[in-house]
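I opened this entry to look up side-chain contacts.

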Amino acid sequence: MSLRYSSALLLSVLIACSSPEREENPKEILALQMEEHLKTEVLDKWYPQAMDTLDGGFYSNFSYDFKLEEKQEKMIVTQSRHVWTNAKASLKYPKVEYYKTGAKHGFKFLKDKMWDYEYGGFHWLVDKQGKQIGNPMKTAYGNAFGIYALAAYYGASEDESALALAKEAFLWLDKHAHDSINGGYFQHLAPDGTPILRPEDTPSTSDLGYKDQNSSIHILEAFTELYQVWPDPKVKDRLEEMLLLIRDQIVTDKGYLTLFLYPDWQPVSFKDSTEEVITRHHLLDHVSFGHDVETGFLMIEASETLGWENDSTTHRIAKKMIDHALENGWDESVGGFYDEGYYFQDGYRVTHDTKNWWAQAEGMNALLLMAELYPNDPHNYYEKFEKLWDYTDTYLIDHENGDWYPGGLDKQPELKTVGKGNIWKGIYHHYRSLDHCIDRLREMSQKSE
């Protein structure tokens, strides 16, 4: 592994290595390295400068060297993820005052600007000042992240107004988007919350009107967070419903997620078409390794939150998903999960061998979880985790300007000068991964003593 760390951390590592008990705990040393990176190259780069102290919320667009871009818009997903990250960081680092300040600051923007006081629900996109712009359509995905942020902020602050809005958002989403016949949630909604559906016999290259795995797994994630602070019977029912739906229906027999589905949860698939048709529709139908490893973790997290003891089925399927990603989407040479693959009629192959940043973050989290649960498995999860961290340190972390490149430079060297922030790239994926990995490494270290 590279040694691009601050002098303070290096001193800590040297002290740790000089201690006899620490010589037997390389996991603690790795946790120190990851935490130094999290603090200095991630959190300190984003906060507090990402806070928009003039118009509220958080800035979205940053250059590769973390200068503010001229154009700024604010999406519910990005804004919510900033609130969630600040709320979690305020608990992890309670002496850093601006995480508390940032979480409160972001909550106010969600409440005052992103919530639709005419129809309810969260707007998808607003301008810098908080005025709705673009297509007024709402999404279950966006509203799920609003709920996720509000629940986390309440958990950190005990601000009752945040819990009240979380409850209102959950009930709005459930009233308008929940499918009482087939279960789950419709993704696309008119401004008043009316579901937008696609006729079953009308496939398209557009995802409009389909149900999908991505909104489903993040609804699961949001309800997991909400249930921890508001153990309401309906939240529990919906959390259970989403877990079983994802686990038993959206995950395929091979162990990967169906990306898009009709209202009755039948898969949108082009596997029996020509390769030209499959390629044209690849956004709707492919193997997404990043989502698969992320979902493995989210399912286990949901099961534990529900208190399902000895839940061997969820663990088995989560492991199957991560194993499938390792066996079909892992770069054995330098490490990292590829973006896409496909099971063509003449066999499986990787179709996009690039490695986006968020998939590697989710992969580290999932691999270390598997290493803790299955330490003797032949997949050697811990070795793969170390290799993925080394890959991340070498090809994804910008040690000069901070944060992570959008994708691995081994495949896309041009990304070195692409912006660090936009409405789709923020801090949540790698903050969560690093946070969980640091804590899990320390737990594993203590168990080995």
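**Charged pairs**

I looked up K211 and found its side chain in a salt bridge with that of D179, at 2.7 Å from N to O. I count a salt bridge when a side-chain nitrogen of Lys or Arg is within 4 Å of a carboxyl oxygen of Asp or Glu. K211 is in strand β5 (residues 211-212) and D179 is in the loop between α7 (160-177) and β4 (188-189), so the pair ties together parts 32 residues apart in sequence. Helices (H or I, at least four residues) and strands (E, at least two) are DSSP runs, numbered from the N terminus.

I note that the model is predicted: local features need pLDDT of at least 70, side-chain atom pairs count only at pLDDT 80 or more, and totals for chains, interfaces and linings use all residues. Residues are numbered from 1 along each chain as its sequence is written, and side-chain values use heavy atoms, with hydrogens and water left out.

I then checked burial (buried is under 20% relative accessible area, exposed over 50%, partly exposed in between; 1.4 Å probe, protein chains only). K211 is buried at 1%, and D179 is buried at 5%.

Next I looked up R440, which forms a salt bridge with E372, the closest N and O atoms being 2.8 Å apart. R440 lies in helix α15 and E372 in helix α13 (residues 357-373), so this pair ties together parts 68 residues apart in sequence. R440 is buried at 14%, whereas E372 is partly exposed at 22%.

D403 has a relative accessible area of 0% and K425 one of 2%; D403 is buried, and so is K425. I also found D52, D55, K74 and K128 joined into one network by salt bridges that share partners. The count of salt bridges comes to 34.

**Rings**

I counted 30 aromatic pairs. Rings of Phe, Tyr and Trp (its six-membered ring) pair if their centres lie within 6.5 Å; planes under 30 degrees apart are stacked, over 60 edge-to-face, the rest tilted.

Y141 is in helix α6 (residues 140-157) and W424 is in the loop between α14 (381-396) and α15 (428-448), 283 residues apart. Y141 is buried at 6%, while W424 is partly exposed at 44%.
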